[in-house]
Number of protein chains: 6
Amino acid sequence: MELPENIQETIQRAITEDVGSGDVTADLINNNRQSKARVICRENAILSGKAWFNAVFHQIDRHIKIKWNFEDSDFISANSTLCTLSGNSRSLLSGERVALNFLQTLSATATQTKQYVDCIAGHHAVILDTRKTLPNLRLAQKYAVTCGGGVNHRNALYDMILIKENHIIAVGSITEAIKQARLLHPTLKVEVETENLKEFYEASQANADIIMLDNFSLEDMQIAVAKNKGKSIKLEASGGVDLSTVKAIAATGVDYISVGEITKNIKAIDLSMRFKEIPSKH
Amino acid sequence: MELPENIQETIQRAITEDVGSGDVTADLINNNRQSKARVICRENAILSGKAWFNAVFHQIDRHIKIKWNFEDSDFISANSTLCTLSGNSRSLLSGERVALNFLQTLSATATQTKQYVDCIAGHHAVILDTRKTLPNLRLAQKYAVTCGGGVNHRNALYDMILIKENHIIAVGSITEAIKQARLLHPTLKVEVETENLKEFYEASQANADIIMLDNFSLEDMQIAVAKNKGKSIKLEASGGVDLSTVKAIAATGVDYISVGEITKNIKAIDLSMRFKEIPSKH
Amino acid sequence: MELPENIQETIQRAITEDVGSGDVTADLINNNRQSKARVICRENAILSGKAWFNAVFHQIDRHIKIKWNFEDSDFISANSTLCTLSGNSRSLLSGERVALNFLQTLSATATQTKQYVDCIAGHHAVILDTRKTLPNLRLAQKYAVTCGGGVNHRNALYDMILIKENHIIAVGSITEAIKQARLLHPTLKVEVETENLKEFYEASQANADIIMLDNFSLEDMQIAVAKNKGKSIKLEASGGVDLSTVKAIAATGVDYISVGEITKNIKAIDLSMRFKEIPSKH
Amino acid sequence: MELPENIQETIQRAITEDVGSGDVTADLINNNRQSKARVICRENAILSGKAWFNAVFHQIDRHIKIKWNFEDSDFISANSTLCTLSGNSRSLLSGERVALNFLQTLSATATQTKQYVDCIAGHHAVILDTRKTLPNLRLAQKYAVTCGGGVNHRNALYDMILIKENHIIAVGSITEAIKQARLLHPTLKVEVETENLKEFYEASQANADIIMLDNFSLEDMQIAVAKNKGKSIKLEASGGVDLSTVKAIAATGVDYISVGEITKNIKAIDLSMRFKEIPSKH
Amino acid sequence: MELPENIQETIQRAITEDVGSGDVTADLINNNRQSKARVICRENAILSGKAWFNAVFHQIDRHIKIKWNFEDSDFISANSTLCTLSGNSRSLLSGERVALNFLQTLSATATQTKQYVDCIAGHHAVILDTRKTLPNLRLAQKYAVTCGGGVNHRNALYDMILIKENHIIAVGSITEAIKQARLLHPTLKVEVETENLKEFYEASQANADIIMLDNFSLEDMQIAVAKNKGKSIKLEASGGVDLSTVKAIAATGVDYISVGEITKNIKAIDLSMRFKEIPSKH
Amino acid sequence: MELPENIQETIQRAITEDVGSGDVTADLINNNRQSKARVICRENAILSGKAWFNAVFHQIDRHIKIKWNFEDSDFISANSTLCTLSGNSRSLLSGERVALNFLQTLSATATQTKQYVDCIAGHHAVILDTRKTLPNLRLAQKYAVTCGGGVNHRNALYDMILIKENHIIAVGSITEAIKQARLLHPTLKVEVETENLKEFYEASQANADIIMLDNFSLEDMQIAVAKNKGKSIKLEASGGVDLSTVKAIAATGVDYISVGEITKNIKAIDLSMRFKEIPSKH
């Protein structure tokens, strides 16, 4: 699990969004006042997003101290204290909402991913994410997926070739599309989306690196898996995947199961930050 | 419903996130090829986000034509065609995912807001949003809330004073906090979060503009509403609001009900984009 | 008095503006040379802008030491030494002009504000600023106004509603404009600009938060104040305010007097920076 | 008079500063409403800043039409109509203040410059500006100086060598400083600041391109001018220049007179924008 | 050959670098003057960089007209006219150097690539580029390589796994490194750098997608090619490749030959721009 | 030799270009692993670019330690160790290529400049650079030129006036062009490009600061030098300068010889970075 490069920049924009020209309520508080606070997680969850949370407070005030009791990817049971913070009271109050917004969103992604991963425990398949993400949080959510035990599919349009129905129509055939892809981008993997067994056979013949089985019946998936035995081609199930169907899909023997829901749907984890004043020294 | 100023900038970052150094699969397609496409909404929803959707395609290729059948705020019944697009095939394919990610997320926010708004129809109260938003999508989601019939609370920390428990402890009392707020920022409204009727009375005496009744019982809310009769102070219910409780809260006669869920939880609206080739002219 | 968020960014642009590709004269000086310097204020003034001055030197060279003898808001008598600096000679010379440009401009704003504030001492009214500011120095000047004892009106178009003549014409009436403003932005204060007592009465009836009395005669102001007695509406005098008229205006009993001159006119405070070489150690 | 390169960028920041997340008052007005407006100049002035004014409205709404009756550098007599605007009412209202802030500040600089230029009419000398400018408006003000008939000194630290007292101390002597400057930057002009005739002679001997006579008496200036006769060295008077002294300084025969006041002091020109509704077509 | 996304941004920085606060020589020319100009190529070359050249002039002045006689990738014989330009004289002069700097650098890359490609004509191998590029011109040079008939290796560190000696030491073995790479990034291709046949066998066994034969003798390359027959693994020759050795390397039957020289060494193509005045109309 | 202001910004863009969303190969290595490395220079060279090399590693990981054995401008004999690095293994690997790309490019510029400088040793003339530079590396290359003993001509279009053939045609004559240049920009030096002795005489008469002798024969250069004796005008030879002609040009007695080749042609210095693992402590 590698943290993305753009955390500081993402946080800078989020602080600008929320604090803008200044926190007008924090003005009420004496600038020397110190506080302690703790973040409590109100429900069972998988933790994700410590680096974003830390970055918020450290950009606002680099003297804020944060002590964590857990690591990203840890299972958190309801009502645990995730971390304690101490430092300038204004800074803690100004950063609270932005920091929690990241933590509740990324932990939601990790937690939901973990449910899928747990469902298919014991099977060969792994859970992949998709490009169906919250705008401008792509890399952060991909990180959260790995915290939940999922594996990252391509980041974006630039790092892998994924030939879909419309590309195939435009080029003429699956075989021709794969051939051209190899020629233009010899260092990139080539995946082909197939809608039925006939297309699957063609993609297999043309030696794609990964074949997506889009909305295949369980029976057709099993046939594809059987035909693929001994080959280095990977098979990815896609379409109609939810918590009620994922286990049966894994049982067919596919290598990957891609799930849009883990990144496009969010049920924010319920977090709260409790303050305690630090008596001033004189 | 006013569109925020930052749409073009938000979209520019989202395209960079998804397209980066280039769409390596679009390379397969002849650069002169033209396509048509239509976006279908697979479930009942409230539409929100046309301006973001349009901006994606127009930044990628200003010659793309988009014809919409609906306006933001419209109710969409399942399987309706939202819009049709035509233009360069590569451009349509490169923009598809980013454009849909915005539309599915913002329509989700609008749709969920509408459920709350419908629940309290006939009552005096309005549904307010909160600062519990998806990071870096604050203004976009606030716009989506208005599409669903909600009303915007403060944008951020800069445009209103909201005195919470910790500010009160730091300053000494509710009365003192309001007094200082008036002095420092005479042009901003002052809201106070109260936890019980005693605090409510003090805030009322000190003439806050808005008093938040945080986690009040229905009975205490009714008492607060009764005591407030004839005053220009507005009352905002907050905490423990969900679709099962919102109607009873509205019935107490409060002015505002703020709901974090409408912006922090997302169930992406199910959209898909279908392509049709345009036969080339020679 | 809260410092704005954008100081570092403002200073970065100002350094780029003045230093650009490099200070070609500083090249003449040995890079190891150390100097001391002090900034002298040549006339009576109210100090404002220490944070901007410090930021200039710390962005150019974080090893520069600055020791201040005064705080922002302090009265400075002519020929006082404001601060002493020590460090690399080149860095001190390269930062001198930019740092002084900020200090002389912001102290000018604070000093001029103080003249108005002193004029109305003993009266209930406070001096407000306006949006008539030097382009791209809005927040810095608003801070300087508070150093001079003034109070900030709205920052900008985003944080308060101020209905002017033309908005009223467009909507139909003052009453209708206030009603719509309340509906669209319940968390923002609503001010109405009125040109005569008739408009004042309508705005008062419609319960604006603040009523601007624009170019009212002293007699009409007194009538408006009398009519407003016992109400929570605030009255703001505006138009034709200068040092010769401000005291009489305050005597009418208005709550606020807004003065464009304190931010749009500048008589830069006369500052100079004197250098002293530090003998090198060997 | 060449417009600087950074106008669009300067305006973008100024709009962000004033409009931010949106003009909440403009929301009251129907989005289809059209208006006309005209800008009136309430006092005698030299016009400067049309390009900045235009850029404000065109960035907000490229359909706004602006018709000017004058050019930059023109003398404007009090109560003239500078220009008329027409277009969307919201756009006109949202841009009004930012556009006027630029025009009143830059015209102030041009007008004040013109007073100095007129004072020395008939003399050989020209009025130069300095680096004592409003932060982040350097190039805009330098343009305004040329509108008032002044001439630009160096832009900033990067485009000319100006050896001051402290550089001389650091290097050892005027002669040595000039020698090193020629060596390091053969393509840049070298100016030396001198405090008395002895330093002037040394700088003259060392063949500076320009010699600044800083706070010289009129008599010493005349001596310097006489000694300089027949040489290609230019002489610049500096220090203690105001409207009461500038003519006598010009009479000494110096080539340049540099005046900090024209850019660091501002008495904003009094402008106002008057609206007229356009009756809608149906 | 796909143009990179960042052309406009790259050009904007290059113009700022060269024009900065303004072209002080262009000021001499009347602002209404029109000119024609043509760009002549003084030596045989492969053309590359039209889009960058066009972007320079269109950012400076969108009314400049450019008519090209050739396409990127075309062979240009010495003294051909590449294109003709017409428009405002100042704009043409201000953009000339920046536009030529791009064209001479990118055409140099394409021309040098073409020499390698021609050397191995008739062989199966293709010429690949590397990450040894001019800083901040990576994507532009990769485009130029394709104009010369080369093929792009990975763009950067983000889009492919290339396991080098030091990665292998850190992980323990080639086999283990490939295994972990597959696990962490299933959608990315995995290349391994090998120094000798023993390492080659291990990488082959572990089923890398591409094996780099780094500084192999021609004999060892032939052995590797023979052993690889029938496998889908691609072989890349690297190290010690120049115009005198490339043909023999291609003859061994490897798939790819990567050449650092084509992007890190530049012999700028000799271009010049000739002006012709357009007589003004009155 | 002054380092340019934009190093950190240049490096930030170069890292984004090469690392983007993350170094996917570095993921294989344990995040706690430490390494040592050294950079070896494989050929004789003049060193240039330490600050850029350091900035790459310090932006990626500020704990990386770098110990240099040489200074910029030093002569390096083949196979010397330039520096040793120690710190986190991933950080060292991720920064290697970007850091070397800067060092090999800038040292190439310095090395080539030194060859010209050595050729004219003993003569009065100095080697100047031109604006024919690698796009977006102008200031870095100008610094490298000074490392090789060259001297910088103007940075860009903003800091000096250089009147070329086309400017002269547009204005009417050399005399008129110089006169206008003096008027518009009194603080900038004026150079004129001349094509023959007749133009040289006119430029000399009009008292240009520098006269460029463009493509003059050696004989005409000598005549120009003789005619210029005793004047403060500088003469610059330009056009057709290479290592075989530069000495004879210097012998004519010109002051400057400008050489495009030193910045537009690059033969990257051959550098390599060798790693050594640091045994972990437990």
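Student: What percentage of the 282 residues in chain A do buried residues make up?
Tutor: The model is a predicted one. A residue counts as buried when its relative accessible area is under 20%. Among the 282 residues of chain A, the buried share is 62%.

Student: How many helices and strands does chain A have?
Tutor: The C-alpha trace of chain A spans about 80 × 40 × 25 Å along its principal axes. Within that trace, the secondary structure of chain A comes to 10 helices and 12 strands.

Student: Which residues have the most contacts inside the largest nonpolar core?
Tutor: In soluble globular proteins, nonpolar side chains tend to be buried together. The largest nonpolar core in this model holds 86 residues. Those with the most contacts inside that core are C:Phe53, C:Leu85, D:Phe53 and D:Leu85.

Student: Which residues does C:Leu85 touch, not counting residues up to four places away in sequence?
Tutor: C:Leu85 is one of the residues with the most contacts inside the largest nonpolar core. With residues up to four places away in sequence set aside, C:Leu85 touches C:Ser35, C:Lys36, C:Ala37, C:Val39, C:Phe53, C:Phe57, C:Ile64, C:Lys65, C:Ile66, C:Leu92 and C:Met273.

Student: Which residue has its backbone oxygen 2.9 Å from a polar atom of the side chain of C:Ser107?
Tutor: The side chain of C:Ser107 supplies one polar atom of this pair, and a backbone oxygen is the other. The two atoms lie 2.9 Å apart, and the backbone oxygen belongs to C:Leu103.

Student: What area do chain A and chain B bury between them?
Tutor: The size of an interface is often given as the accessible area lost when the parts come together. Here the contact takes 60 residues from chain A and 60 residues from chain B. Of the area buried, 55% is on carbon and sulfur atoms, and the total for chain A and chain B is about 5,400 Å².

Student: Which three residues in chain A lose the most area to chain B?
Tutor: Together these residues account for 14% of what the chain A side buries. They are A:Glu17, A:Leu28 and A:Asn136.

Student: Which residue forms a salt bridge with B:Asp18?
Tutor: Four salt bridges are found across the interface of chain A and chain B. In the one with B:Asp18, the closest N and O atoms are 2.5 Å apart, and the partner is A:Arg131.

Student: Which helix of chain A gives the most to the side of chain A that touches chain B?
Tutor: Across the interface of chain A and chain B there are 31 residue pairs in polar contact. Several elements of chain A each supply at least two residues of the side that touches chain B, including helix 1 (7-19), helix 4 (138-147) and strand 12 (271-277). The most, seven residues, comes from helix 3.

Student: How many salt bridges are there between chain C and chain B?
Tutor: Chain C and chain B bury about 1,500 Å² between them, and C:Pro186, C:Thr187 and C:Lys189 supply 42% of the area that chain C buries there. The contact takes 20 residues from chain C and 20 residues from chain B. Two residue pairs are in polar contact between these chains, while the number of salt bridges is zero.

Student: Which residue's side chain is joined to that of D:Glu71 by a polar contact of 3.2 Å?
Tutor: D:Glu71 lies in the loop between strand 3 (65-68) and strand 4 (75-76) of chain D. Leaving aside neighbours within four places in sequence, D:Glu71 is in contact with D:Leu47 and D:Lys50. The polar contact of 3.2 Å is with the side chain of D:Lys50.

Definitions and conventions:
Residues are numbered from 1 along each chain as its sequence is written. Chains are lettered from A and ligands numbered from 1 in the order in which they are written. This is a predicted model: local features need pLDDT of at least 70, side-chain atom pairs count only at pLDDT 80 or more; totals for chains, interfaces and linings use all residues. Side-chain values use heavy atoms; hydrogens and water are left out. A nonpolar core is a set of buried Ala, Val, Leu, Ile, Met, Phe, Trp, Tyr and Cys residues joined through side-chain atoms within 4.5 Å. Buried means under 20% relative accessible area, exposed over 50%, partly exposed in between (1.4 Å probe, protein chains only). Contact means heavy atoms within 4.5 Å. Buried area is the accessible area (1.4 Å probe) that two parts lose on being put together, summed over both. A salt bridge is a side-chain nitrogen of Lys or Arg within 4 Å of a carboxyl oxygen of Asp or Glu. A polar contact is a pair of N or O atoms within 3.5 Å; within protein, one must be able to donate a hydrogen and the other to accept it, and residues adjacent in sequence count only if both atoms are side-chain atoms. Helices (H or I, at least four residues) and strands (E, at least two) are DSSP runs, numbered from the N terminus.
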